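Trainee: Could you go through this one with me while I have it open? I would like to start with the strands and then move on to a side chain.

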Amino acid sequence: MLEGNLVVADDCVAEKLDNELIVLNLASGMYHQINSVGIVIWQEIQEKSPSFATLVESLQQKFDSPNITEDVRVFVKDLIERGIILQK
């Protein structure tokens, strides 16, 4: 379950290149590539530290997708597993 607020991990740095975001997890030394839709999610988390529900509400206003809640849940869980974002 995704509870609390979502924040970008302190040991991650990111750089936007064209339509992609490259994220380096300094703790693991791993690079991660995020697509244009993922960039919107990343920016929301970085700028607002939202709860999962607030994040989904914001994204529903920007995208018309019947599966947005599940799609965002899968993406956020993946970022958490990779140590890129945290739940606080």
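**Strands, then a serine**

Mentor: Keep in mind that this is a predicted model. In it, strand β3, which covers residues 20-25, pairs with β4 in the antiparallel sense, and that pairing runs over five bridges.

Trainee: Which residue is the bridge partner of N25 in β4?

Mentor: That partner is M30.

Trainee: And how do β2 and β3 pair?

Mentor: β2 and β3 are also connected in the antiparallel sense, in their case over six bridges, and within that pairing V13 is found opposite L24 of β3. The two strands form a hairpin that leaves two residues between them, and D18, which sits in the turn, has a positive phi of about 55°.

Trainee: What is the strand order in the sheet, then?

Mentor: The order is β2-β3-β4, in an open sheet of three strands with antiparallel pairing. β2 (12-17) and β4 (30-34) are the edge strands, each of them pairing on one side only, and from one strand to the next the twist averages 20°.

Trainee: Switching topic: where does S58 lie?

Mentor: S58 belongs to helix α2, which spans residues 52-62.

Trainee: Does S58 count as buried or exposed, and why?

Mentor: S58 counts as buried because its relative accessibility is 14%, and the cut-off for buried is under 20%.

Trainee: What does its side chain make a polar contact with?

Mentor: The side chain of S58 makes that contact with the side chain of E44, at 3.0 Å. Along the chain S58 and E44 are 14 residues apart, while their C-alpha atoms are separated by 8.4 Å.

Definitions and conventions
Residues are numbered from 1 along each chain as its sequence is written. This is a predicted model: local features need pLDDT of at least 70, side-chain atom pairs count only at pLDDT 80 or more; totals for chains, interfaces and linings use all residues. Side-chain values use heavy atoms; hydrogens and water are left out. Two strands pair if DSSP finds at least two bridges between them. Helices (H or I, at least four residues) and strands (E, at least two) are DSSP runs, numbered from the N terminus. Axes are lines fitted to C-alpha atoms, for helices over the stretch in contact, and angles run from 0 to 180 degrees between N-to-C directions. Buried means under 20% relative accessible area, exposed over 50%, partly exposed in between (1.4 Å probe, protein chains only). A polar contact is a pair of N or O atoms within 3.5 Å; within protein, one must be able to donate a hydrogen and the other to accept it, and residues adjacent in sequence count only if both atoms are side-chain atoms.
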